[in-house]
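Hello,

I am passing on the structure that we talked about, and my notes follow directly below it. Please read them with the coordinates open.

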Amino acid sequence: GGWCACERCARLAPSDQGLLVCNAVADALAPDVRLFHLAYHDTLPPPESVRPAPGVSAEFAPRERCYAHPLDDPACVTNRPYRQAFEHHLERFAGRVHVFEYYGDAILFGGCAVPLVDVCGRDLEYYRRAGARGVSCLTFGRYSLWAHGANIEAFARASFRPAEAPAARTAHCVRRFGAAAGPMTRYLTALETLMARVVTYGDVKLPPARDATRATLDDALAAAPEVRRLLRDAAATARASASVAAEEPLLDYTLATLAALRQWAAAAAGARDEAAAEHAATALGDAIRHVASVPVEVKGSWGAYDLEIANAFYVASLRARRAAGG
Ligand SMILES: [Zn+2]
Ligand SMILES: [Zn+2]
């Protein structure tokens, strides 16, 4: 973000500067107007010196958290500061905190198939227990129903009764895949385990250039043949619908993306291999060819147009990172 560096503001953290603006707007509006201070990126840490006006709530948007573990999982080192930030917001805003979640975010997950039923259910249970006033979930129309459909179902169920999230996998599969619901449920469960290795560091297509990233991507890809076999079983079901067939290009795209990211992580970590890193960036760009033939009724306008734009951004980011030596 662009933060003020004037004499008065220089000592204020971004969260305090953001809240100052919110308070000023609240002051100018009618007292019953509800206003949200964004706790997002730079402003994720709670404000330190500025107190929220009574009509100002916080919108907590932990986009770069780890999605392999629930937000309150004490064993997840990545999520610990996010949980702390969330609970500090509850204190500073006297409970006026809403959560903005990303279980259907095709940009964060790079358009890959990412089922997150368990984490979604456990998060919502935690958010409720901790006292969040509301939770919303970013979606990208039909693309999210395709790549994250079970999560949308889990979110809808868990926003009423968190304990009902696990049933979302089956409910989603019965509705979308009809006769193939059983094998599709097994497929999505296995895919959820595979992708949990990947969704730990924020934007899927911006992996940290570390050897550990390459190793986790290796592990994820080692599970790919079994996941692929489960999808073939589902496709072989008598009366399997066109929706089942549409899952195969999505899995091809997802695995091609992971393979390119694995290549990039291997090339960028340690002794850098420039040619291999460039090759990986090109492979990441090429991966979207798997989605090209999928009907727009399945992938939506986001899959038809926006995915290509978003992907080009990530390919350029990886190339720029290489040039910057990061
Ligand atoms: Zn200033
Ligand atoms: Zn984690």
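In these notes, contact means that heavy atoms lie within 4.5 Å. By that rule, and leaving aside neighbours within four places in sequence, Y187 is in contact with V227, L230, L231, E247 and L251.

Before the rest, the conventions: this is a predicted model, in which local features need pLDDT of at least 70 and side-chain atom pairs count only at pLDDT 80 or more, while totals for chains, interfaces and linings use all residues. Residues are numbered from 1 along each chain as its sequence is written, chains are lettered from A and ligands numbered from 1 in the order in which they are written, and side-chain values use heavy atoms, with hydrogens and water left out.

**Core**

Y187 is also one of the residues with the most contacts inside the largest nonpolar core, which has 93 residues; F60, F86, Y103, Y127, Y143 and M184 are the others named there. Such a core is a set of buried Ala, Val, Leu, Ile, Met, Phe, Trp, Tyr and Cys residues joined through side-chain atoms within 4.5 Å, where buried means under 20% relative accessible area, exposed over 50%, and partly exposed in between (1.4 Å probe, protein chains only). Helix α11, residues 247-268, gives the most to this core, with ten residues; helices (H or I, at least four residues) and strands (E, at least two) are DSSP runs, numbered from the N terminus.

A132 itself is found in the loop between α3 and β4 (134-137).

**Salt bridges**

Counting a salt bridge wherever a side-chain nitrogen of Lys or Arg is within 4 Å of a carboxyl oxygen of Asp or Glu, the total comes to 21. One of them pairs D105 with R63, the closest N and O atoms being 3.6 Å apart. Because D105 lies in the loop between β3 (97-101) and α3 (117-130) and R63 in the loop between β2 (56-60) and α2 (80-92), this pair ties together parts that are 42 residues apart in sequence. Both D105 and R63 are buried.

The side chains of E87 and R83 also meet in a salt bridge, at 2.9 Å from N to O, and both residues lie in helix α2, four residues apart, about one turn of the helix. E87 counts as partly exposed because its relative accessibility is 28%, and R83 likewise at 29%.

In a further salt bridge, the closest N and O atoms of D218 and R262 are 2.4 Å apart. That pair links distant parts of the chain, with D218 in helix α8 (residues 211-222) and R262 in helix α11, 44 residues apart. D218 has 26% relative accessibility and so counts as partly exposed, and R262 is partly exposed at 26%. Salt bridges that share partners join R63, E64, D105 and D203 into one network.

**Zinc site**

Which protein atoms are the donors of the zinc ion (ligand 1)? They are the SG atoms of C4, C6 and C9, lying 2.2 to 2.3 Å from the ion, and they follow the spacing C-x1-C-x2-C along the chain. Donors here are N, O and S atoms within 2.8 Å of the metal (3.2 Å for Na, K and Ca), and water is not among the atoms, so sites may look incomplete. C6 is partly exposed at 35% relative accessibility, whereas C9 is buried, with a relative accessible area of 12%.

Best wishes
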